[in-house]
Amino acid sequence: MKALKIITLTLILPGLVLGALLWTGSASAADATLDVVPAETFLSPALIKQPVSFKGSGFAPNEMITIEMILPEGVTVKGVNKGEDVGIAMATADDKGSFSTAMQPTATLNWFFQVGWTPLLTPDLKAAKPIPPGDYKIRATGLDSDRAASSTLKIVPPPPKKE
Amino acid sequence: MGKRWGVFLTMVLGISLSVVGLTGPASAKEVAYLSLADYTGPIAGLNVPADMGLEDFIKEINTKGGIDGVTIKFIGIDTRYDVARAVSAYKRYRRTPRLLMVNSISTGIGKAVARLIEADKKAQIVPGDGEFQAHISRTFLWGPAYQDAFAATLDWILDDWKKKGKSGAPVVGYLSWDNPYGREHLRGGTEYAEKIGIKLLPPEFFPPGTLKHDVYLTRLANAGANYIHAGGVDPTPTNVIRDGYSLGLTKTIQFTADYWGPTALGVGVHAEALEGTVITSFFQRGEDARNNAFVTDQWKKYRGSMDSFNEVYGMGMSWGMTYVAGLKKALKAAGYEKLEADDMYKAYQELTGLEKNGIQGPCAYSPTSRLGSKVVKIYQVKAGKIVPITDWREAPNAVGLHSFK
């Protein structure tokens, strides 16, 4: 009987508490959502005027949110150290924890097209090295709550030019 | 016997492992500085030499053993002038042990990061956003607020106008980038112009990267501008004045610029067009900077020939001097083991009067001030060189004239 009490106190109860904590943690993470619009695109100057945008929910009310692109193995981006994610947009959640935002022109030019900048402060498109087609994981993270949600942006090759 | 030895050895191994686990390898004492910079983007031309000055200054400190044995780790992040990238980088590094100061390179980045800095109880330095002087927080300015420096330019304009024997009040045009930096000067600057009787024309704003500025300049000229203040980070003001020169406006209109006005970068390319341009600066420019041995000795030691010297290098050294002075105070107050960013925040408020080898005026940080310094010097481009035409003078408090929400 005594042995049973010891086992209950030392193993079962802590196990239940830990399990409950893990369960609630995963539940709150699962609550956060992220949509990338459009989910699939090809790189063209049209993205400056109609940029990739993001919608999310399930974050803490009024918190700042950073939206980052996780670089696949082998893809490098100018100015970004290996292992770093690239911040491509930011937002502030509303009082219900939802947000909507889009990439700014500078972000599209810097991180999708990897342009150079001339001494006149204009983007140097000749020096551009667009990131390669592929699936890019996009992650939104609440900067107060640490809640995160992920989605994917598929960059496809541009359509062939009509002759 | 064998079993006993086995138990004994297990205990010894267990204790040894736990001791190793608790203490870890002997580590050096280190504090961190995060620069949310622009190394390959639009304002790299100025940020690169500034961070060179800072990095070299830190190297110098570290090679001499640091501050009380504590070395400084410089973390430079290339944001390419992008706010989203800067916020993401801050997220990545915000939990760096003993990250005592963050430097945000643009007004936009500074405003975005400020909220996180408050939540994390850290400290930040930013260019010249007067809002942070109006609402005291954990964000400090590099020098006087933009609007205060602009007010000092307006004072000079009024003096110049009177010196030339002109009657009535001068008419001043303002054009700058269409972003938080460009608008900041007028949040208090407009009120100051009105206060001293200067007629300020409706401002002209243009996107960074604009190739030609003829339309904006012509509009200001047609509105009767006697003076035109060209904003933007060099080479933008250089290009604006170049366009004014091409239009023939520099013959009749005096051009002025703020502390990001023409440096060696712009003057090296468009000396003729810039001739006569007046620059209000909180840090030493042109010949002043080239004659400051404290600055040039360090440049020569780490960068070699003076041919590519840019005066912004000295401003970077000034950031380093402030950080080191703050670190000394913070270490004295808290000791290394308990040192936190909050200690640096408190220390910065005690740096009132700190001298910076003439690079800029005395530090004005205090519990009620976030101004890096209060004084500016007026420079003018003469014979292709940037030379001082006044001594250091206190910039008026234009921040105090504006109602910040």
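At what angle do the axes of H2(B) and helix H14 (residues 312-334) of chain B cross? To find out, select these two helices in this predicted model: their axes come within 7 Å and cross at roughly 45°. Because angles under 35 degrees count as roughly parallel and 65 to 115 as roughly perpendicular, H2(B) is oblique to H14(B). The crossing of the two helices is right-handed.

Now show the side chains at this crossing, where H2(B) contributes residues including B:Leu46, B:Phe57 and B:Ile61, and H14(B) contributes residues including B:Tyr313, B:Trp319 and B:Val324. Coloured by class, the contact of H2(B) with H14(B) has 14 nonpolar, four polar and one charged residues.

Next, colour chain B by its domain assignment, which gives domain 1 as 30-144 + 291-373 and domain 2 as 146-281 + 377-401. The C-alpha centres of these two domains lie 27 Å apart, and 20 residues of domain 1 are in contact with 22 residues of domain 2. On the domain 1 side, H2, H4 and helix H5 (131-134) of chain B each give two or more residues, with the largest share, three residues, coming from H4(B). By class, that side has seven nonpolar, 10 polar and three charged residues.

Finally, bring chain A into view, where 25 of its residues are in contact with 28 residues of chain B. On the chain B side, helix H2 (44-63), helix H3 (83-93), helix H4 (107-120) and helix H10 (236-246) each supply at least two residues, and the largest share, eight residues, comes from H3(B). By class, this side of chain B has 14 nonpolar, seven polar and seven charged residues.

How values were computed
Residues are numbered from 1 along each chain as its sequence is written. Chains are lettered from A and ligands numbered from 1 in the order in which they are written. This is a predicted model: local features need pLDDT of at least 70, side-chain atom pairs count only at pLDDT 80 or more; totals for chains, interfaces and linings use all residues. Two residues are in contact if their C-beta atoms, placed from the backbone, lie within 7 Å. Helices (H or I, at least four residues) and strands (E, at least two) are DSSP runs, numbered from the N terminus. Ala, Val, Leu, Ile, Met, Phe, Trp, Tyr, Cys and Pro count as nonpolar, Asp, Glu, Lys and Arg as charged, and the others, Gly among them, as polar. Axes are lines fitted to C-alpha atoms, for helices over the stretch in contact, and angles run from 0 to 180 degrees between N-to-C directions. Angles under 35 degrees count as roughly parallel, over 145 as roughly antiparallel, 65 to 115 as roughly perpendicular and the rest as oblique. A crossing is left-handed if the near helix is turned anticlockwise from the far one by less than a right angle, and right-handed if clockwise. Domain bounds come from an automatic or database domain assignment.
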